[in-house]
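Please keep the sequence and the structure in view while reading.

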Amino acid sequence: MIRIVFPTNEKLSYISDVEASFDKSDYLTILNVHGQNIIDVETIDNPYIHSKDTILETCKNNNYKVLISPDGECLPLNKLHEGGISVYRAAEHKNVLHTFSDFVQDKLTKID
């Protein structure tokens, strides 16, 4: 199972719109995925919004493997990559489900 994280400002499960960046979102919507199937959806308060140092710790503690955001520039990319966490750039103005579909179809760009 892979845990994929999206920044959102709504608690609407996978129909929440993906926010522009992790530092501008109130929530994190997490998809628990097995293969191409969504097993479970979680929405939590965004701990990253108050401290930029918490994203790596949050990812490691919760076994998040993929972060998806239209703007990945606010993230500590080198530290995330060293921790085995991949970051992908998503198109703006799409919801979590459509963005996940783009991820599955290899339409997202991996940020190195």
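**Briefing on the predicted model**

Ile 68 has Tyr 88 in E5 as its bridge partner. Helices (H or I, at least four residues) and strands (E, at least two) are DSSP runs, numbered from the N terminus. This is a predicted model, in which local features need pLDDT of at least 70, side-chain atom pairs count only at pLDDT 80 or more, and totals for chains, interfaces and linings use all residues. Residues are numbered from 1 along each chain as its sequence is written, and side-chain values use heavy atoms, with hydrogens and water left out.

**Confidence**

- The mean pLDDT of the protein is 91, and 97% of its residues reach 70 or more; pLDDT is the predictor's confidence in each residue, from 0 to 100.
- Confidence is lowest in H1, with a mean of 89, and highest in E2, at 97.

**The sheet**

- Six strands form an open sheet in the order E3-E2-E1-E4-E5-E6, and the pairing is mixed. Two strands pair if DSSP finds at least two bridges between them.
- Strand E3 (37-45) and strand E6 (109-110) are the edge strands, each pairing on one side only.
- E4 pairs with strand E1 (residues 2-8) in the parallel sense over two bridges, and Val 5 stands opposite Leu 67 in E4.
- E4 and strand E5 (residues 86-89) also run parallel, joined by four bridges. Leu 67 has Val 87 in E5 as its bridge partner.
- From E4 the chain crosses through H2 to E5, and this β-α-β crossover is right-handed. That term applies if, with the strands pointing away from the viewer, the path from the first strand over the helix to the second runs clockwise.
- E2 and E3 pair in the antiparallel sense over eight bridges; in E3, Asp 45 is the bridge partner of Tyr 27.
- The hairpin of E2 and E3 has two residues between the strands, and Gly 35 takes a positive phi near 65 degrees there.
- Helix H3 (residues 96-104) lies across E1, E2, E3, E4 and E5, and runs at about 135 degrees to E1. For such angles, axes are lines fitted to C-alpha atoms, for helices over the stretch in contact, and the values run from 0 to 180 degrees between N-to-C directions.

**The buried interior**

- In strand E4 (residues 66-69), Val 66 and Ile 68 point one way, Leu 67 and Ser 69 point the other way, and all are buried. Buried means under 20% relative accessible area, exposed over 50%, and partly exposed in between (1.4 Å probe, protein chains only).
- The largest nonpolar core has 17 residues, and those with the most contacts inside it are Phe 22, Leu 67, Leu 75 and Leu 80. Strand E2 (27-34), helix H1 (54-62) and helix H2 (77-82) each supply at least two residues of this core, and H1 gives the largest share, three residues.
- A nonpolar core is a set of buried Ala, Val, Leu, Ile, Met, Phe, Trp, Tyr and Cys residues joined through side-chain atoms within 4.5 Å.
- Leaving aside neighbours within four places in sequence, Leu 67 is in contact with residues including Val 5, Phe 22, Ile 55, Cys 59 and Tyr 88. Contact means heavy atoms within 4.5 Å.

**Residues in the loops**

- Ser 13 sits in the loop between E1 and E2. Its relative accessible area is 29%, so Ser 13 is partly exposed.
- Not counting residues up to four places away in sequence, Ser 13 touches Thr 29, Val 41, Thr 43 and Val 96. Ser 13 and Thr 29 are 16 residues apart along the chain, and their C-alpha atoms are separated by 6.9 Å.
- Pro 47 is placed in the loop between E3 and H1, and is partly exposed because its relative accessible area is 32%. Beyond residues up to four places away in sequence, Pro 47 touches Leu 28, Thr 54 and Thr 58.
- Asp 106 lies in the loop between H3 and E6. With a relative accessible area of 69%, Asp 106 is exposed.
- Most residues other than glycine have a negative phi. Ser 13 has a positive phi, near 60 degrees, and Asp 106 has a positive phi of about 60 degrees although it is not a glycine.
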